[in-house]
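Please inspect the sequence and the structure below before reading on.

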Amino acid sequence: MFKKNMAPRRMKQMGARSSTDGHFLQQAYIYKVVLLGGTTVGKSSIAFRYVKNDFKESMPTVGCSFFTQQVCLETATVKLEIWDTAGQEQYQSICHLYYRGAKAALLVYDITRKETFARAKLWLRELEKEFLHDEMVIILVGNKTDLADQREVTFEEAEEFAKIKSLMYMETSAKSNYQVTELFTAIAHELLKQEQQEDPGLQLRKNSCVDLQEPNGQTKKCCMS
Amino acid sequence: MSLKSERRGIHVDQSELLCKKGCGYYGNPAWQGFCSKCWREEYHKARQKQIQEDWELAERLQREEEEAYASSHSTQGAQSLTFSKFEEKKTNEKTRKVITVKKFFSASSRTGTKKVLTGKLREIQDVRTPSPSINRQVSIETDRASKEFIEFLKTYQKPGQDIYKQCKIFLEAMHQKRELSIEEQSECAQDFYQNVAEKLQIRWKVSPEKVEKAMDHIEKYVMTRLYKYVFCPETTEDEKKDLVVQKRIRALHWVTPQMLCVPVNEEIPEVSEMVVKAITGIIEMDSKRVPRDKLACITQCSKHIFNAIKITKNEPASADDFLPTFIYIVLKGNPPRLQSNIQYITRFCNPSRLMTGEDGYYFTNLCCAVAFIEKLDAQSLNLSQEDFDRYMSGQTSPRKQEPENWSPDMCLGVKQMYKNLDLLSQLNERQERIVSEAKKLEKDLIDWTDGIAKEVQDIVEKYPLEIKPKNQPLAAIDSENVENDKLPPPLQPQVYAG
């Protein structure tokens, strides 16, 4: 089941982002989403809560750092591939490897610890180095609302910051399952919106590049090489 | 003598009779005008080259033929296929032998050859470098890969033929591009993957699942063939980087799980087993040829790591636990040609696999681990710069400071040694037991023989054999009985020795 669902993503990644158009009835958009944030802010817990709630006891992998989840929206089915990252400070310098090819990033912080919010800001700076603003959906997530009495970062403060940086913003609680599903649905919506905005252009480009003898320069592969 | 013959008008020139090589011996038209010795030499040389070329051609023909076979959907078995191939190869060898021999004698033969031939010659030069046994090994594997590929394509029917053609064109194109930089070759491969997949989906309307499967097979087929040319090519720094990483990991041998905050307790037997399995997995990666197989090794290794963490912590691991453990495993395993493998996968794997999906995720983690190891400093291990420098220079080891903590469990090698010692002592014990049992058996046997002898003796003594004078009474009976002859002989006392 897992394997089967990987197929459309592959095709999509082959370069033509709209290769899923027209030819297949069920469209499947697949997006890579990275979870960023310091240790113990609840990155993994958010993903775990989100995936587990829908899948009940079955886990997609042995570990809890790679998840896939399908989101059914009105217009299409979106598949999210959630990549968890190590939040320890010493790994910050190498984490740029994780967000290659990612379409969305969750900047998670713990509302009861001010320093995690500062780290989230740092992550954002890192991301801005690698991505143009419209290349990636970035969402600021204040986790652990269940511990509201120990709050150090106010909702307003974070919202203000998100506004300035034009990020999406949400507060969640993985523990009490507050707004976790909503969070990912919002991401899926946003991703789809972006996809549809880009689509017309892609459609045009696509018709002109099926010649196999002479590889077409426009649809060059991704940044991995 | 020569003068004489000329005068007589025999119209054979002396020079025509002599060996073409000018060794002074007479030549023979059957040997192309060479003497027997020179002919053998020349023939051998030409033949060596011929064998190489034939191999190329046969392979090409086989490919073509098998393609034709695949397309015709004939019901012939695989046996006839291989046989016809053999025939073809054989006839071809015959005809071509003549050609090359001719070619050998005409000076201009090489200059006038077609592009294909130069390509072939280059191939031969390339092929010549490795030792024949290695070359052969590769060929067998390649052969198997192409057979499997063809088998697989049969299930795709028409698109299968197309795939095959594309692969062939691509392989030939790669052949021409061998001189180019590895980046350009990589680009070529990536474009190829992309184009084939697109074509399958758009022109042939193959379902995404089947496209994926086909792409995997294509990658396997193509990369098995290209591996030896594009893995760690001489034109790059890959090998140098490999050595740098290897040296670096060796220098970091003193790093303990505690320093990396690895949530794995190797004192638990199941955990240490998982750790060993993970290390084996990551080392095994180097032995695979196809990028996807290499990725599978990494994924397998990662799964073992997750298990190890899970057993230690009793809860599912998160990325915060996983990455440090992975780094620790890489440090412990020091997998061979790490950079070459990473580069090879990056360059020639189907790109979609690297960017997303589980395999891609774990591969990214490996890249992170290597990047971390390269950059690793005192801070990243929560050590003071002084300590770090001391450990790096090998003056002290963190372990030496706390010898009381030293246990056989700490080092795999030592652990293995203890295990072996244990096994040896067990074996020794068993051997001793066998020797003593054997001795006992020997003694038993001797006792038994003695016992039997004694018993026999007793019986013999108890019932002494008395031979009674037989004549009178028997004779008396006999004389009266006419049918005496027909009676069975009288029973005699017998001794059974057992």
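Does A:T185 count as buried, partly exposed or exposed? A:T185 counts as partly exposed because its relative accessibility is 25%, where buried means under 20% relative accessible area, exposed over 50% and partly exposed in between, with a 1.4 Å probe and protein chains only.

## Basis of the model

This is a predicted model, in which local features need pLDDT of at least 70 and side-chain atom pairs count only at pLDDT 80 or more, while totals for chains, interfaces and linings use all residues. Residues are numbered from 1 along each chain as its sequence is written, chains are lettered from A and ligands numbered from 1 in the order in which they are written, and side-chain values use heavy atoms, with hydrogens and water left out.

## Confidence

For the complex, the predictor gives an ipTM of 0.77 and a pTM of 0.63. The average pLDDT (the predictor's confidence in each residue, from 0 to 100) is 75 in chain A, where 71% of the residues score at least 70. In chain A, pLDDT is below 50 over residues 1-26, a stretch with 79 contacts in the model beyond near neighbours in sequence; contact means heavy atoms within 4.5 Å. Residues 201-225 of chain A also have a pLDDT below 50, with 44 contacts beyond near neighbours in sequence.

Chain B averages a pLDDT of 78, and 76% of its residues score at least 70. Among the elements of chain B, the lowest mean pLDDT, 45, belongs to helix 4 (residues 78-105), and the highest, 93, to helix 18 (residues 412-462). Residues 1-7 of chain B have a pLDDT below 50 and two contacts beyond near neighbours in sequence. Over residues 73-135 of chain B the pLDDT stays under 50, and the model has 61 contacts beyond four places in sequence for them. Where pLDDT is low, the predicted coordinates should not be read in detail.

## Chain A and the setting of A:T185

Chain A contains five helices and six strands; these are DSSP runs, H or I of at least four residues for helices and E of at least two for strands, numbered from the N terminus. The order of its elements from the N terminus is α-β-α-β-β-β-α-β-α-β-α. Of its 225 residues, 54% count as buried. Among contacts in chain A between residues at least 6 apart in sequence, 71% join residues at least 24 apart.

A:T185 lies in helix 5 (residues 180-206) of chain A. Apart from neighbours within four places in sequence, A:T185 is in contact with A:V71 and A:L73. The C-alpha atoms of A:T185 and A:C72 are 8.7 Å apart, although 113 residues separate them along the chain.

## Chain B and its helix pairs

Chain B has 19 helices and zero strands. Of its 498 residues, 41% count as buried. Residues 24 or more positions apart account for 70% of the chain B contacts with a separation of 6 or more.

In chain B, the axes of helix 7 (residues 157-176) and helix 8 (residues 182-202) come within 11 Å and cross at roughly 170°; axes are lines fitted to C-alpha atoms, for helices over the stretch in contact, and angles run from 0 to 180 degrees between N-to-C directions. Helix 7 of chain B is therefore roughly antiparallel to helix 8 of chain B (under 35 degrees counts as roughly parallel, over 145 as roughly antiparallel, 65 to 115 as roughly perpendicular and the rest as oblique). The contact of helix 7 with helix 8 of chain B has 10 nonpolar, two polar and two charged residues; Ala, Val, Leu, Ile, Met, Phe, Trp, Tyr, Cys and Pro count as nonpolar, Asp, Glu, Lys and Arg as charged, and the others, Gly among them, as polar.

Helix 12 (residues 291-313) and helix 14 (residues 338-348) of chain B pack at an angle of about 125°, with axes 9 Å apart. That angle makes helix 12 of chain B oblique to helix 14 of chain B. Here B:P291, B:K294, B:L295 and B:I298 of helix 12 meet B:N341, B:Y344, B:I345 and B:F348 of helix 14. By class, this contact has six nonpolar, one polar and one charged residues.
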